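Student: Could we go through the pockets of this model together? I would like to start with the terms.

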Amino acid sequence: LDGVTLLADNSVSIKDPWFPRHASDLDNCNHLMTKYEPDLDMNHPGFADKEYRARRKVIAEIAFAYKYGEPIPCIPYTETENETWSRVFITVLDLVPKHACVEYQRVFKKLQEERIFESHRIPQLQEVSDFLKRNTGFTLRPAAGLLTARDFLSSLAFRVFQSTQYVRHINSPYHTPEPDCIHELLGHMPLLADPSFAQFSQEIGLASLGASDEEIEKLSTIYWFTIEFGLCKEGTEVKAYGAGLLSAYGELLHALSDKCEHRPFDPSTTALQKYQDQEYQPIYFVAESFEDAKEKFRRWVAAMSRPFEVRYNPHTQRVEVLDSV
Ligand code: NLE
Ligand code: FE2
């Protein structure tokens, strides 16, 4: 292929860079970050556990093989995996009424009523995806592990959430630095079924399409301090809405204690805050409300350098590009 053909085929140019235009293009957006893997990281609780590593491989293969439009394969979880879920589920049940935001609590109840959230078994991604679809139009895709920020954020533009399907090691049930399905299910799913939160998530995704590397870094930092580790005000109290807090009770208690710093959520400063993903966070950002976070985010995104605007068409599942200059 010569350069001209490449340009024509992939529409690669600075003004018109490649990014997924249709939900099926997400089949090409599953580049993994090699971080915290049980095969590579000696500190991973599964590093010395051959059986665990083999299990992870089997589950990863499902994600690699997955294509747009297919049902998400069902995983018959083992007794140990269900036991790990059970332990985390029970601690979350205990802390939710006091520390989770009302939106999370509302959907959590609904998930229990529909018998999707039960203490003795891990829900299947397909049933949760169907639940989300009924509530906000979000759907799930299985992911083999941690994706690059660009790939991960781009899915959100289509109201698609890339979800891991493997389970953390039984030896560290209450905190893991890498996402696993317990984190996805208990942390992310309730709020992705909330309309206002779903909208906020999608807008972060839309802002990421065709963004520069520097902007992707800022957007993923905002994602980190909101969707993963966000706190919000509720009257005079501060509650958790971040998924990384709601799936790890140790950090949840830490985040609401006086051992860390709370700052008001403000996209321009939050986007520049350095963060690490090994330990509990030293700083959390507190939103006034989802609506307020969304307003502030919109104003901040409007100042981004992208020479075009994008709009999602849910009827065609396609992103439309509008010239804005
Ligand atoms: N620390 C979280 C947990 O243990 O559930 C996972 C965070 C993934 C970014
Ligand atoms: Fe997450």
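Tutor: A helix here is a DSSP run of H or I with at least four residues, and helices are numbered from the N terminus. A residue counts as lining a pocket if it has an atom within 4 Å of a pocket point. Please note that this is a predicted model.

Student: Fine. What volume does the largest pocket have?

Tutor: The space in the largest pocket comes to about 700 Å³.

Student: And how many residues line the largest pocket, and which lie nearest its centre?

Tutor: The lining holds 41 residues, and those nearest the centre are L146, P179, Y223, W224 and E228. Two or more lining residues come from each of α6 (149–156), β2 (160–164), α7 (181–192) and α9 (213–228).

Student: Which element gives the largest share of that lining?

Tutor: That is α9, which contributes 6 residues to the lining of the largest pocket.

Student: What about the classes of those residues?

Tutor: The lining of the largest pocket contains 17 nonpolar, 14 polar and 10 charged residues.

Student: Now the second largest pocket. What is its volume, and which residues are closest to its centre?

Tutor: Its volume is about 390 Å³. It is lined by 21 residues, and Y68, K133, T139, L140 and Q317 are the closest to its centre.

Notes: Residues numbered from 1 in each chain as written. Chains lettered and ligands numbered in written order. Predicted model: local features only at pLDDT ≥ 70, side-chain atom pairs only at ≥ 80, totals over all residues. Heavy atoms only, no water. 1 Å grid on protein atoms, 1.4 Å probe; cavity = no way out; pocket = protein on both sides within 12 Å on 5 of 7 lines; lining within 4 Å. Points joined across faces, edges and corners; volume = space filled by probe spheres on them. Nonpolar A, V, L, I, M, F, W, Y, C, P; charged D, E, K, R; others polar.
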